[in-house]
Amino acid sequence: MRKICLIWLVAMLATVATADNQELMRALDEAIAQKDEYRKVKEQRIEFLKKKLLKEPGGLPAMQTLNLLYEEYHVFKFDSAMVYAERGAQLARACHNDYYVAVFDIHRAEIMAIGGLYSEAIANLDAIDSSQMDQQMLFDYNIAYFTAYSYWADYCHDGLYAPRYRAKADSCLDVAMRYADKGEQLYEFYQGEYCVYVQPDAKKARQHYTNVLKRIDPETRHYAMTANALAGNYRIAGDEQSYERYLILAAISDLKACTMENMALQALALYLFEKEDNHIERAQQYMSLAMENAKFYNNKLRILEISRTLPQIMDAHSNIVERQNRRLWAAVAIVSLLVLALLATAYFIRRQNSLLNKRRQQLHDNNLQLQTLNQQLADSNQRQVQLNQQLNQLNQQLIQTNTRRERLAYIYIDLCAKYIHKLSHYQTLVKRKIKANQAKELLQTISSTRISEEDAATFLHQFDKAFLELYPTFVLEFNKLLLPEAQIQLKSPTTLTTELRTFALMRLGVKSTTDIAALLFLSPQTIYNCRSVIRNKAINKDTFEQDVLQTS
């Protein structure tokens, strides 16, 4: 029971973490959408410092402003950061300010390492005289060594040189921590790095990183560095959900801080690419943005890393799109076949109904004719009996009887001729209408004179229902053609008014007032008046009936 509860608890926590990561992913997408705004604010801040530098007379104020400009460009644009580091170093040497000479020389080494000039960065650091440095400067100096060797190890990424540079980086970090000020904001971050590289203790490192994230602004480069380091710590521990979470937080922070030299977005894209196929498109978007940032910054290492991965993501995305297109075409083909089958079935059913109606009408006519003939035959037989009874009694009435018989025969023949003529007329009418594909008009001609009020009501009800199913928005669009005070309200959702039925028939192509009156069992004058009244209530009277024909 305890195991089941534990499994359930883990599953619930995983579900909550997944939902939280999805929310963070949406926040990342929003940050990407606003990246130009963040860059604009960054550039405005840089422009302010440039204008301030122009007003500086030189000396210490100018060196301080140059240092601020370097800090703004440090992870924003490589070339500009290098320019201001060089200008600061030149000015510091001209002013014989040893402190700022060391500051800008360290800056130059940092930016060289980021730009892929590893040996030059190390040589630049080796040339600095560290004997007169204070504790903070010694810390920065050794951290610059640590950063340069770390980048160099990542660049080599092999089994021979990478371990050598990694060992040198760890040694420099060990020295740097001897000069670290515990009151500094990033002290705990480098303590976490120390617990990762020098004296491995993943749990302790995680605690240091977490403490940093609680204390610093989420929209800074240092927050992104810490979140990225914490993500790596969780991945080593096998916690993929936390790895994803902190990568997203790091990527959001990089975007808001305009950190073009970043790793989080690239790592997140690679993670999503390896995770599931349905994340390929998002991975491609993130990797493309990472490449765009790397090119903007001119970071050769990032460009090289992304160049190795981006083609794989692009190929995977293309394969997914191709599979989706194949499935789409297959679905279109199946739907097309189904539509063709449906059309063929509808045509067959309509044709069979037409033949069935024709046969029913013929059978009805034949039954009526047979009944008439039977009645006539019965009358004739009765009279024949009477004549036979009177034959022996009334010889004088023989001529009259014969005359009557002849007259009855004439009437019989005449009636037969009329019914035969009528049947012939119906047959001719049926043939002509069928040849002209006027089955509907044929049905109206045959049955209109026999339809009852109940049948009429049923017909109108079925017409309303069928028309509203065919044109569900007809009433709404029809009312849009009328003035506001002339809107027509339905008594029920499936019952049209006489006015709506009139124009519904016109919408179906029945334009003759006489035809409309016959179909609605009203007089032509009533239909004419209805059309005139509604036309006068229209917004555009001249084109009203043409507008009705355009309704859907």
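C195 is buried, at a relative accessible area of 6%. Buried here means under 20% relative accessible area, exposed means over 50%, and partly exposed lies in between, with a 1.4 Å probe and protein chains only. The areas themselves come from the Shrake-Rupley method with a 1.4 Å probe, and for residues only the protein chains shown count as cover. C95 is partly exposed, because its relative accessible area is 34%. How many disulfides does the rule give? The count is zero. The rule asks for a pair of cysteine sulfur atoms within 2.5 Å.

Ground rules before going on. This is a predicted model, where local features need pLDDT of at least 70, side-chain atom pairs count only at pLDDT 80 or more, and totals for chains, interfaces and linings use all residues. Residues are numbered from 1 along each chain as its sequence is written, and side-chain values use heavy atoms, with hydrogens and water left out.

Next, salt bridges. The search of the whole structure returns 17 of them. The criterion is a side-chain nitrogen of Lys or Arg within 4 Å of a carboxyl oxygen of Asp or Glu. Side chains of opposite charge can pair when their charged atoms come close.

Take E23 and R26. Their closest N and O atoms are 2.5 Å apart, in a salt bridge. Why are they separated by about one helical turn? Because they are three residues apart in helix α1, residues 2-33. A word on helices: they are DSSP runs of H or I, at least four residues, while strands are runs of E, at least two, and numbering starts from the N terminus. E23 is partly exposed, with a relative accessible area of 46%. R26 also counts as partly exposed, at 44%.

Now E72 and K42. Their side chains meet in a salt bridge, 3.0 Å from N to O. This pair links distant parts of the chain. Buried or exposed? Both E72 and K42 are buried.

R108 counts as buried, because its relative accessibility is 14%. E86 counts as partly exposed, at 26%. Which residues make up the network here? E86, R93, D105 and R108 are linked by salt bridges.

Stay with α4 and α5 for a moment. H96 lies in the loop between them. Its phi is near 55°, a positive value in a residue other than glycine. Most residues other than glycine have a negative phi, and most peptide bonds are trans. H96 is exposed, at 68% relative accessible area. F521 also has a positive phi, near 60°. F521 lies in the loop between α21 (513-520) and α22 (524-536). At 35% relative accessibility, F521 counts as partly exposed.

On to surface patches. Residues qualify with over 30% relative accessible area and no salt bridge; like charges are joined within 9 Å, and nonpolar side chains (Val, Leu, Ile, Met, Phe, Trp, Tyr) within 5 Å. For charge, Lys and Arg count as positive, Asp and Glu as negative, and His and the chain ends are not counted. The place of a charge is NZ of Lys, CZ of Arg, CG of Asp or CD of Glu.

Which residues form the positive patch? K358, R359, K431 and K435 gather there, on the surface. The elements giving two or more residues to the patch are α15 (300-391) and α16 (397-435). K431 lies in α16. K431 counts as exposed, because its relative accessibility is 53%.

There is a nonpolar patch as well. V335, L337, V339, L340 and L343 make a surface patch of about 490 Å². V339 has its place in helix α15. At 41% relative accessibility, V339 counts as partly exposed.

Last item: E469. This residue is found in helix α18, residues 453-470. E469 is exposed, at 58% relative accessible area. How far is its C-alpha from that of T494? The two C-alpha atoms are separated by 9.2 Å, with the residues 25 apart along the chain.
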